[in-house]
Amino acid sequence: MVEMMNDSKKYIEIRNGSVPVGIYEIPVLDYDRFYGEVCTMLGDERFHCLTYFCYPAGEVMKFICCIADDGSGTIRILSHEQKGSEPLRALTAKVYSMHIFEREISENHGVVFEGHPWLKPVRYPHDRANRQSAMDNYPFYSIEGEELHEVGVGPVHAGVIEPGHFRFICNGEKVLHLEIQLGYQHRGIEKLLTERRSGLGGEKLSDSNGGNSLRLALLSEDIAGDTAVGHGLAHAQLAESLALAEPQASLQAERCIALELERIAVHIGDTAALCGDVAYQLGQAACEALRTMVINTTQFWCGNRFGKGLIRPGGTNYPLTEEVAGEILRVLEEVDSRFGNVADCVYSLPSVLGRFEDIGIVTRAQAVSIGAVGMAARTCGVPRDIRATHPFQLYRQMAVTAVMQESGDVLARGRQRAMEVKESVKLIRKMIDKWRKTGGESGRPQYDLSYGPDCLAISVTEGWRGEICHAAVTDTAGRLILYKVKDPSMHNWMALALAVRNQEISDFPICNKSFNLSYCGHDL
């Protein structure tokens with residue numbers, strides 16, 4: 001539910017996944033006041049920026065900033081407008097975590113942010129403001145010195161992974177600086193999400209969003225292949241908010257069960273990858289087998305091992321049944337026991353600990369500074385978990401405690417996975433109990449939802465990597481004119497760059513695996 005605007009009319013507050021806000025209800029501040037408000041809020045650790053974007057609105061460029069208050073569980077929305085092309089004072093100069101948002105705005109719309117440390121490209125969209133900005137002339141940071149040398153890795157890699165370029169500046173084997181250049185997989189997802197195309201059968205679309213909803217759902221679950229449920233749920237919740245449609249209790253439970261299954265599968269798979277990187281083949285093989293058990297259970301539920309097709313606005317084509325629930329509980333009973341034994345072996349073996357402990361450290365202060373979210377933040381002692389601070393769906397009825405580590409190294413990121421698997425198993429058991437009390441009526445998907453006019457909606461979920469944010473703006477006819485996506489990797493790639501500083505360059509693979517960030521989720 002939308003809350004009252006604060007007395008001084010600096011911002012409006014809403015809850016995660018609540019009814020949308022009228023675009024004209026959002027306070028428009030002059031830029032100096034906007035700048036001061038944002039800097040003041042983000043100077044307090046309990047606040048962090050969910051999204052900051054702009055779009056053409058008549059004769060002005062309208063900027064909207066959404067800031068999460070982790071203390072109260074609300075989201076503060078404030079805005080400013082820009083006439084002409086006058087430069088804006090860079091928020092990044094005061095609040096470094098805003099660097100990625102300002103870089104994206106500059107790349108897309110040509111806005112100049114004075115005082116920004118480096119307005120580098122983010123994704124290279126085909127319609128970027130500066131067409132002279134290209135992969136070949138990316139402005140890499142450089143250091144002069146006779147004892148220094150550069151090492152370039154990618155964008156084509158030896159393994160079957162996505163493309164990205166990593167430029168190391170080294171003194172001997174020690175990494176002084178790592179710069180990560182992405183954008184090779186820019187697919188224009190946000191543009192596709194606002195396009196009006198004919199229906200799947202070629203039928204003409206109405207003025208509302210009806211008939212386009214299935215296409216949007218399919219696009220959303222393909223934003224990051226290993227987070228189909230997380231992004232699919234963020235979109236479904238956003239669509240339901242725009243249409244003022246409240247999902248049934250049974251459906252909310254099913255979605256959260258699927259989200260936790262996704263978390264378990266990826267964390268176990270990543271543990272296998274970490275074991276493989278340090279040549280602990282027993283741990284790798286055992287974890288790979290357990291991951292297969294989990295994703296095969298998702299396939300048993302909906303026909304797809306990654307959960308594609310399971311999450312849809314308004315309902316589902318694959319409602320949870322007692323048979324499926326029983327299979328989930330049976331598999332998790334075995335996976336919980338066996339993975340617990342494997343994790344005990346992995347994190348007590350001296351040869352593994354020697355490669356994990358004190359490697360790739362990110363400090364708490366660094367995590368806060370770069371705006372790290374999700375697991376990357378929690379392994380540094382920063383309690384950012386949307387399920388706990390800004391609950392959604394069934395999580396509104398459950399007490400979720402953020403699992404945390406303090407050391408911020410590879411060992412912490414490994415142990416974090418083991419602890420989160422155990423917590424997710426507990427959550428699923430409770431969720432199935434709650435699901436059984438709902439009567440099991442989930443409803444069919446609704447692909448003819450009509451969105452409210454001239455409004456903004458925000459949806460945030462906690463994917464296995466962390467905070468996923470989808471936001472949308474509609475026009476006077478209720479059509480989408482803007483759709484913004486933020487995958488947690490958008491913030492957390494910087495954490496990887498910090499983790500390898502002062503490490504041996506040979507430690508990069510294990511550091512990279514310990515985060516397992518998304519290339520396509522960043523590139524969109």
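Is tryptophan 118 buried, partly exposed or exposed? Tryptophan 118 is partly exposed, with a relative accessible area of 34%. Here buried means under 20% relative accessible area, exposed means over 50%, and partly exposed lies in between (1.4 Å probe, protein chains only).

This is a predicted model: local features need pLDDT of at least 70, side-chain atom pairs count only at pLDDT 80 or more, and totals for chains, interfaces and linings use all residues. Residues are numbered from 1 along each chain as its sequence is written, and side-chain values use heavy atoms, with hydrogens and water left out.

**Surface patch**

- Tryptophan 118 sits in the loop between strand 8 (113-114) and strand 9 (148-153).
- Helices (H or I, at least four residues) and strands (E, at least two) are DSSP runs, numbered from the N terminus.
- Trp118, Tyr141, Ile143 and Leu176 make a nonpolar surface patch of about 320 Å².
- Patches are made of residues with over 30% relative accessible area and no salt bridge; like charges are joined within 9 Å, and nonpolar side chains (Val, Leu, Ile, Met, Phe, Trp, Tyr) within 5 Å.
- Accessible areas come from the Shrake-Rupley method with a 1.4 Å probe; for residues, only the protein chains shown count as cover.

**Salt bridges**

- Side chains of opposite charge can pair when their charged atoms come close.
- A salt bridge is a side-chain nitrogen of Lys or Arg within 4 Å of a carboxyl oxygen of Asp or Glu.
- By this rule there are 36 salt bridges.
- Aspartate 507 and arginine 355 form one of them, at 2.9 Å from N to O.
- That pair links distant parts of the chain, 152 residues apart: aspartate 507 is in the loop between helix 14 (489-499) and helix 15 (508-515), and arginine 355 is in helix 9 (residues 350-356).
- Aspartate 507 is buried, at 7% relative accessible area, whereas arginine 355 is partly exposed, at 27%.
- Aspartate 69 pairs with arginine 76 in a salt bridge, and their closest N and O atoms are 4.0 Å apart.
- Aspartate 69 is buried, with a relative accessible area of 1%, and arginine 76 is buried too, at 12%.
- Arginine 479 bridges to aspartate 475, with the closest N and O atoms 3.0 Å apart.
- Arginine 479 is partly exposed, at 29% relative accessible area, while aspartate 475 is buried, at 14%.
- A network of salt bridges links Glu260, Arg263, Arg378, Asp385, Arg387, Glu420 and Glu462.

**Helix packing**

- Axes are lines fitted to C-alpha atoms, for helices over the stretch in contact, and angles run from 0 to 180 degrees between N-to-C directions.
- Angles under 35 degrees count as roughly parallel, over 145 as roughly antiparallel, 65 to 115 as roughly perpendicular and the rest as oblique.
- Helix 8 (residues 322-346) packs against helix 13 (residues 410-438) at an angle of about 160 degrees, with axes 10 Å apart.
- Helix 8 and helix 13 are therefore roughly antiparallel.
- Helix 14 and helix 15 pack at about 155 degrees, with their axes 10 Å apart.
- That makes helix 14 roughly antiparallel to helix 15.

**Helix 15**

- Six of the eight residues of helix 15 are buried, so this helix is largely enclosed by the rest of the structure.
- The buried residues are Phe508, Ile510, Cys511, Asn512, Ser514 and Phe515.
- Just after helix 15, asparagine 516 takes a positive phi of about 45 degrees.
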